[in-house]
Amino acid sequence: MALPHPPHRLPLLGDVIGMNPQAPMQSLVDMAGRLGPIFETTTMGARYVVAAGVDVVTELNDERRFAKYLGPELVALRPAAGNGLFTADGDDPQWRAAHELLMPAFTKQSMQGYHDTMLDVAAELTDWWDGRLGQPVDVPADMTRTALETIGRASAGYGFGGFGDAEAPPFVGHMVGALQSALVGSFLRESWLPNRWARRSERRVRRHGEELGAIVDDITATRRAMIAACADDSSAPTPPADLLTMMLTPGPDGTPVLDDANIRYQLITFLIAGHETTSGAMSFALHELSTRPDLIASARAEIDQVWGDDPRPDFEQVTKLRYVRRLLDETLRLHPTVPGYFRVAREDTVLDNGHRVEAGDWFLVLVGGLHRDPRWGPGVDAFDPDRFLPERVRSRPANLYKPFGTGLRACIGRQFAIHEAVLVLATLIRRYDLAPTVGYRLRTAERLTTMPRGLHLTPTRATQGVLATR
């Protein structure tokens, strides 16, 4: 069967009408609302089959029939991220070795070990904002520093400089450059444009990747020296039992589990994925909260009840913030920071709607479209955290909510991200009222991930709640 496609398709150019080159994924979400749960789009020869409805996505998530596919965007990122967990082929033995090695780093026990680091960074953030009360703060920049500092210290014992008026750490600039260049390069590679244009983008990705590699190689060299010193001198500081130490620890036979190149790519992957999506989620959440004082009041009441005036709530106190967690879940529904993932057919098959699929055919699962499926009920574009009340979650199809991907290749660090985001959001909600900039309209920057563009909020000390009385 022929798939729907946007109207007004032009010769050679394809579906350029209605496509915003600065925000292609948002354009696809708009198309999904008009074209239905599965459709195709082609722009200058770059063809995508897009799945945005829960029934077809449920089929594509069936691991017996379909598998993870890197897709053009992730292939284009490989010159920088190599065979890290996010960009490795499914049959790469280094992916399986790294996945099995690093899974214990995300157990509940390990998560409890990261909690104090998250508290420390959140306290540094509030110190920074306390010095800027009544002044607009750059929310995406500050959430980026928060998340990068957290993942750097938690995964590798490395700080990126914390908060201050200085420019963003070099890691952030090279990360953004690699992500943006990969996004452009993926389109160029799929289009009918001459390959030299795609190769130019690939060189930019590689150049940024070399800079990222140099940063993480320095971090790794410092840790190796620490491990060696501890082996030679029992009084030397013990290396932290974090992700980096896990990767550097030999296996039972005394040989490295991961080679040096893979360690580099895994650390790049964790530093990028461990902060970029979390910072975007926290930024979008703060935008939504700034426009809804009623949500802040409800969240603050819960935080006051669970945390009281404790400046350093323990791990379990964070997990008890059910309402704040619903705010985060609804943020990721309405503003998924990873806007899509890819699936590929393992063999010839036929979808329930009659569409014939050949082995090797691939699909883009459009998370922003899936999260606006009619099964969510009326008003899918409205921000409503009560969508995630337990009884409403139980009544929905399992595959309706996929902000972290699906299957074995879903985000390995999702519990880390959720705990950090709930902790930071709760810390800010109970301490500040947040005023939006007059006339601001939410715009989204796309660079494989998504982030609010130009979002500034003005924090003032909370006028209600436990901290307001101190």
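**Exercises on a predicted model**

At 18% relative accessibility, leucine 448 counts as buried (under 20% relative accessible area; exposed is over 50%, partly exposed in between; 1.4 Å probe, protein chains only). The model is predicted: local features need pLDDT of at least 70, side-chain atom pairs pLDDT 80 or more, while totals for chains, interfaces and linings use all residues. Residues are numbered from 1 along each chain as its sequence is written, and side-chain values use heavy atoms, without hydrogens and water.

**Exercise 1.** Is histidine 8 buried or exposed?

*Solution.* Locate histidine 8 in the segment before helix H1 (24-35). Its relative accessibility is 58%, so histidine 8 counts as exposed. Its phi is positive too, about 65°.

**Exercise 2.** Work out the strand order of the open sheet and identify its edges.

*Solution.* The three strands run in the order E4-E12-E9, with antiparallel pairing. Edge strands E4 (137-138) and E9 (432-436) each have a single partner strand, so one side of each lacks a neighbour in the sheet. Pairing requires at least two DSSP bridges. Two bridges join E4 to E12 (residues 456-461). Aspartate 138 stands opposite histidine 456 in E12.

Terms used: Helices (H or I, at least four residues) and strands (E, at least two) are DSSP runs, numbered from the N terminus.
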